[in-house]
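Here's a quick briefing to read with the model open beside you. Take a look at the fold first, then work through the notes below.

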Amino acid sequence: MEDLRAKYIDLIAGASDEATLEDLRVAALGKKGEVSLQMRELGKMSPEDRQVMGPKLNALKDEIGSAIAAKKAALENAALDARLAAEWLDVTLPSRPTRTGTIHPVSQVMDEITAIFADMGFSVAEGPQIETDWYNFDALNIPGHHPARAEMDTFYMARAEGDNRPPHVLRTHTSPVQIRHLEAHGAPCRIIAPDRVYRADYDQTHTPMFHQVEGLAIDKDISMANLKWVLEEFCRTFFEIDEIELRFRASHFPFTEPSAEVDIRCSWEGGTLKLGEGDSWMEILGSGMVHPNVLRNAGVDPEVWQGFAFGIGIDRLAMLKYGIPDLRAFFDSDLRWLRHFGFGAGQVPTRYAG
Ligand code: PHE
């Protein structure tokens, strides 16, 4: 019995996992275990021997049973300690840096433009980027044969074979929004429509997709003088420069009469753009008094209503205000460029913040 005891106590002490402990329990105390077999022998003994051996065997059985239970508890504690050590976390470490995105100069400038015109009573209108021939051209007094159609380097959508209707276009300007807005809401109105437009053109100052903001103000007595004031007021506020100089050039657009293109004085020295000085002029917008045919096409009576419209190149404004020399970089998605020229959330120019 002493051998049995020594053997099991030893084996239990050396067991390294619960499965081994269970095997030992079966080997010692199971139905056919060594201690159980010894207990069965009790029946064959004389009553005197049994009285001596019985309590001893019971004590051995209890001892092995509690040794197994104690070892099991010790193994569980060790496993927990190992887990606690392995999953230890230093909550005082600084967190990993997270990269914040930036607001693209075009988005920033669109927000700025919207804020300035909102102060002057203009609300924002929208139209689709894929336009019909009618809204992009005819309704704006540009008939099929008009040279303006060719000049605009239009992208045409595909039509199914045998479908001879005029193809849809990627709108070449935001002017179709004039028609859509007047059709839906009538006169009077004061809206701007900032968004994407498309023309097949590509160089330092032209990309096939770019941005315009259309302006439209219709009422009973709106004049060219109002147009000039609005544009000058806008440029002064937007560029945050009082000495901004604008040049109104007589021009021609089929949808305005009279028409004026507006240039801004700037210099390009050393690859940097500067405003309000220099000998260069950069064209930033087209404008004029809305043509009576355009009003009529939009269901507005030109005998009662009149007003002005303008179309400003948003990307050009961004280049000028933030000194960005190449327009193409706007749409390259180069992260270094975006981090350099991008804006943080809430970075609003102070002159018209709030
Ligand atoms: N739609 C013209 C363009 O894209 C700009 C413009 C708009 C001119 C409104 C006059 C009036 O060039």
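Arg-199 puts a polar side-chain atom 2.8 Å from an oxygen atom of the ligand. Keep in mind that this is a predicted model. Gln-212 also reaches an oxygen atom of the ligand, with an N or O atom of its side chain 2.9 Å away. On the nitrogen side, a polar side-chain atom of His-173 lies 2.9 Å from a nitrogen atom of the ligand.

**Around the ligand**

- How much of the ligand does the protein cover? On its own the ligand has 320 Å² of accessible area, and the protein covers 92% of that.
- The ligand sits in the largest pocket.
- Strands β6 (209–219), β10 (280–290) and β11 (306–313) are the elements that each give two or more residues to the shell around the ligand.
- β11 makes the largest contribution to that shell, with three residues.
- In total, 14 residues surround the ligand, and the closest are His-173, Ser-175, Arg-199, Gln-212 and Gly-311.

**Ser-287, on strand β10**

- Ser-287 is found in β10, one of the strands that give two or more residues to the ligand shell.
- Ser-287 has a relative accessibility of 2%, so it counts as buried.

- You'll find Arg-171 in the loop between β4 (169–170) and α8 (176–185).
- Is Arg-171 buried or exposed? Its relative accessibility is 1%, which means it counts as buried.
- A polar atom of the Arg-171 side chain lies 3.3 Å from the backbone oxygen of Pro-128.
- Pro-128 is also on the contact list of Arg-171, which leaves out neighbours within four places in sequence and includes Gly-127, Gln-129, Glu-131, Asn-136, Asp-195 and Tyr-198.
- Arg-171 is in contact with Pro-176 and Val-177 as well, and both of these are among the buried residues of α8.
- After α8 comes Gly-186, with a positive phi near 70 degrees.

**Ile-324, in a loop between helices**

- Ile-324 lies in the loop between α11 (314–322) and α12 (335–341).
- Ile-324 is buried because its relative accessible area is 1%, and buried means under 20%.
- Which residues does Ile-324 touch, not counting those up to four places away in sequence? They are Pro-105, Leu-273, Ala-318, Met-319, Phe-330, Trp-337 and Phe-341.
- Ile-324 and Thr-272 are 52 residues apart in sequence, with their C-alpha atoms 7.4 Å apart in space.

**Thr-237, in helix α9**

- Thr-237 has its place in helix α9 (residues 224–239).
- The relative accessible area of Thr-237 is 17%, and the cut-off for buried is under 20%, so Thr-237 counts as buried.
- The side chain of Thr-237 reaches the backbone oxygen of Glu-233 at 2.7 Å.
- An α-helix has 3.6 residues a turn, so residues three or four places apart point the same way.
- Thr-237 and Leu-11 are 226 residues apart in sequence and 89 Å apart in space, C-alpha to C-alpha.

Notes. Residues numbered from 1 in each chain as written. Predicted model: local features only at pLDDT ≥ 70, side-chain atom pairs only at ≥ 80, totals over all residues. Heavy atoms only, no water. Helix = DSSP H or I, 4+ residues; strand = E, 2+ residues; numbered from the N terminus. Buried < 20%, exposed > 50% of the residue type's maximum accessible area, 1.4 Å probe, protein only. Polar contact = N/O pair within 3.5 Å; in protein donor to acceptor, adjacent residues only side chain to side chain. Contact = heavy atoms within 4.5 Å. Near = heavy atom within 4 Å. Areas by Shrake-Rupley, 256 points an atom, 1.4 Å probe, with all protein chains shown as cover. 1 Å grid on protein atoms, 1.4 Å probe; cavity = no way out; pocket = protein on both sides within 12 Å on 5 of 7 lines; lining within 4 Å. Sits in = over half its atoms within 2 Å of the grid points.
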